[in-house]
Amino acid sequence: MECPGLSPRTEGVTAVVMTVFLLVVGTTDLSGTVPLACGIERTSIWIATVWFIVIAGAIAVIDMQTRKIPDRIVYPSLVGIGLLYFSVSLSEAACAQEASGTGEPLRVLTAFAGLTTLGGVYLMIAVVSHGSLGLGDVKYAALIGLTLGWHGWNGIVLGLLLPFLFGGAAAAVLLVGGRIGRREAVAFGPWMSLGAFTALSLQLFA
């Protein structure tokens, strides 16, 4: 159902915000600050991880077919995943738990650092390369940085380097095989997704 006066993009973002808000409120004791289920942190992190994996796969397919990365997928995911991570930090603080290692509050900072780092680097490349990378790639890079940054700086570095490694190798093979010309553009979204999948897998299972 569409709301009068709202664009589909606005409706999507609004739905994401409301969903995450209800998730946070539904697990919080409104008479105080103690969550009803302090174990919600792990669930929220896995929801964010699965969310990212699903949309990253979709973006790879869409970009291969259309050479575009849709804002209607990236924007709601940035908001939703960001709010899920933020809710984890609030829940950790309310439970008065001291996390080992980087700790949840610091993870929020590294997630934001990942967003700004990958988004900023891709933006500079897009400007310098005069269109070799589009703004869709820049926005998607910010989402990748947000997700990988939650898991630490190693993921941010891998998420930055691996797409260019995979994409460069694939382009070289296609060029040598005569499948593409020297000036022919190829979709970079699939290689961004593959790099993100690889970095995320190494962080989660290594």
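**Helix packing and core composition of an all-helix predicted model**

The protein contains seven helices and zero strands, both taken as DSSP runs numbered from the N terminus (H or I over at least four residues for helices, E over at least two for strands). Along the sequence the elements follow the pattern α-α-α-α-α-α-α. The model is predicted, so local features need pLDDT of at least 70 and side-chain atom pairs count only at pLDDT 80 or more, while totals for chains, interfaces and linings use all residues. Residues are numbered from 1 along each chain as its sequence is written, and side-chain values use heavy atoms, with hydrogens and water left out.

Of the 206 residues in the protein, 38% are buried; the classes are buried for under 20% relative accessible area, exposed for over 50% and partly exposed in between (1.4 Å probe, protein chains only). The accessible surface comes to about 11,400 Å², and carbon and sulfur atoms account for 69% of this area. Accessible areas come from the Shrake-Rupley method with a 1.4 Å probe, and for residues only the protein chains shown count as cover. Contact denotes heavy atoms within 4.5 Å. Among contacts between residues at least 6 apart in sequence, 76% join residues at least 24 apart.

The largest nonpolar core comprises 34 residues, and F52, Y140 and I144 have the most contacts inside it. Such a core is a set of buried Ala, Val, Leu, Ile, Met, Phe, Trp, Tyr and Cys residues joined through side-chain atoms within 4.5 Å. At least two residues of this core are supplied by each of α2 (40-66), α3 (71-95), α4 (104-128), α5 (135-150), α6 (153-176) and α7 (189-205). The largest share, eight residues, comes from α5. With neighbours within four places in sequence left aside, I144 is in contact with F52, L118, M192 and A196.

Two packed helices are described by the angle between their axes and the distance between the axes. For α5 and α7, the axes come within 11 Å and cross at roughly 5 degrees, which makes α5 roughly parallel to α7. Axes are lines fitted to C-alpha atoms, for helices over the stretch in contact, and angles run from 0 to 180 degrees between N-to-C directions. Angles under 35 degrees count as roughly parallel, over 145 as roughly antiparallel, 65 to 115 as roughly perpendicular and the rest as oblique. On the α5 side the contact involves D137, Y140, A141, I144 and L148, which meet G189, M192, S193, A196, A199, L200 and Q203 in α7. These residues divide into eight nonpolar, three polar and one charged, where Ala, Val, Leu, Ile, Met, Phe, Trp, Tyr, Cys and Pro count as nonpolar, Asp, Glu, Lys and Arg as charged, and the others, Gly among them, as polar.

Several individual positions were also examined. In the loop between α2 and α3 lies R67, a residue other than glycine whose phi is positive, near 60 degrees. Within α3, I73 is buried at 18% relative accessibility. Residues up to four places away in sequence not being counted, I73 touches I55, I59 and I62. The C-alpha atoms of I73 and A56 are 9.5 Å apart, at a sequence separation of 17 residues. Helix α3 also holds S87, which counts as buried at 9% relative accessibility. S87 is 42 residues from I45 in sequence, with 9.6 Å between their C-alpha atoms. R107, in α4, is partly exposed, with a relative accessible area of 24%. Between the C-alpha atoms of R107 and Y85 the separation is 8.5 Å, the two residues being 22 apart along the chain.
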